[in-house]
Amino acid sequence: MNYAESQSPAERSAVIDLAAIRHNVRHLSHVVSPARVMAVVKADGYGHGAVQTARAAVEAGAAWLGVAHISEALELRAAGITEPVLAWLHTRDTDFGEAIRANVDVGVSGWDLDAVVAAARELQIPARVHLKIDTGLGRNGCPEDLWEAFVGRALAYQEEGLLRVVGIFSHFAVADEPHRPETDEQLQKFRIAVAVAEDAGVDREVRHIANTPGALSRPDAHFDLVRIGLGMYGLSPFAGQTPAELGLRPAMTLKTTIAACKEVPAGQGVSYGLHYRTKEPTTLALVPLGYADGVPRVATGGPVQVDGQVYPVVGRIAMDQMVIDLHRTGIAGTPDSLVGHEAVLFGGEGAPGVDEWASAAGSINYEIITRISGRVPRRYVDSAAGEPAPADAPPIALEAAEQIAGGPAAQKVQAQ
């Protein structure tokens, strides 16, 4: 989906600070060095705009780009982006030929290997593939007991000149919970899978398994390449750990302006179902964002900042709007009315964070930012044009993650 790239004031907007994207990529690149960074821009850059954030990430030193679908990779190529791109989620209808023509790397883990090879044979152009092993997440990825045979098939195709095995990869299941032992188990299985492939003759360029939480808490999982998703957009993958504590800057600010302001008596019901009633005479303000804009319908209580003060949403969030209770009277229809005043749901200096909305919705920060819909224009700003790369960024993220892990887990990280 191509979002509007508006630079003029809008009734509602998601403002994306490209300087924050660059800062986050530089910071995380320092944390994972000498491993390189793959900037993950699937789902239209987690709702931030794939092309714009990809360019910012590359400017900041990202060596690779990652997407789920080949169609997403082709969008990057159409925009003139030439850096290595990996796409890893396919169906029987995926156009592997277009990926090969566009020099897009393809992640394979089963039936898709043969489909990629068929396209390569027809085009007479070798495909670039990354072999995926399922180390415990249970989604795509070759099962452990089939891995040796799968590698053998890939090498046979490579001998025919139909593909090149560029990488070996997997994906963590619980790296955002550093105390859990499953990450150790997955790492061990991944190391064994890499060894099996290398013993069979795979001369790979990259090994990669770590996502943002793995990058921040498990330096022993960095290998050659680390896939940075959530962290690139300035959000924390750890419960109870803020972006600032990890050295990250949130890139998106979601805002609008107050559309209406009116006085109501005590007992006034608010929104569908009338689940909220005012306890006393008050002023209600209407915020023109709703679930059609991607704000979760269930997120009653989510914070909205107006004039430096935060008000929780009252009543049910509707398709196009929500209501806040100002808990004061005498302002509607006067110069003190809030109509036209900026209302910020999250992001920006001193404003609520994405995590507060995730908590109100019973969800996670990933979902909140990626679900902001296409009818909310994206506006791109650069708060630090020409910002130089830091000579020696402090390892804030690693220290914070070690505090989360604590005890033996942190000691293990420090010892490796």
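How far apart are the mean positions of the positive and negative charges of the protein? I looked this up first. The 35 positive and 50 negative charges have mean positions 3 Å apart.

**Ground rules.** I am reading a predicted model, in which local features need pLDDT of at least 70, side-chain atom pairs count only at pLDDT 80 or more, and totals for chains, interfaces and linings use all residues. Residues are numbered from 1 along each chain as its sequence is written, and side-chain values use heavy atoms, with hydrogens and water left out.

**Whole protein.** I found 13 helices and 19 strands; these are DSSP runs numbered from the N terminus (helices: H or I, at least four residues; strands: E, at least two). The radius of gyration is 24 Å, close to the 22 Å that the globule rule gives for 416 residues, so the protein is as compact as a globular protein of that length. That radius is taken over C-alpha atoms, and the rule is 2.2 Å times the number of residues to the power 0.38. I noted that 54% of the 416 residues count as buried. Buried means under 20% relative accessible area, exposed over 50%, and partly exposed in between (1.4 Å probe, protein chains only).

**Helix H3.** I then went to residues 50-59, where seven of the 10 residues of H3 are buried, so this helix is largely enclosed by the rest of the structure. Among the buried ones are Gln52 and Thr53. The buried residues of H3 pack against several elements, including helix H1 (18-32) and strand E19 (378-381). After H3 comes Gly61, with a positive phi near 110 degrees.

**Gln186.** I found Gln186 in helix H8 (residues 182-200). Is Gln186 buried or exposed? It counts as buried, at 2% relative accessibility. Its side chain reaches the backbone oxygen of His171 at 2.9 Å. Beyond four places in sequence, the contacts (heavy atoms within 4.5 Å) of Gln186 include Thr135, Phe172 and Ile209.

**His90.** I placed His90 in the loop between strand E4 (85-87) and helix H5 (96-101). His90 is buried as well, with a relative accessible area of 11%. Which backbone oxygen does the side chain of His90 reach? It reaches that of Gly107, at 2.7 Å. Not counting residues up to four places away in sequence, His90 touches Ile70, Phe96, Val106, Gly107, Trp111 and Asp112.

How values were computed:
Lys, Arg positive; Asp, Glu negative; His and termini not counted. Charge placed at Lys NZ, Arg CZ, Asp CG, Glu CD. Polar contact = N/O pair within 3.5 Å; in protein donor to acceptor, adjacent residues only side chain to side chain.
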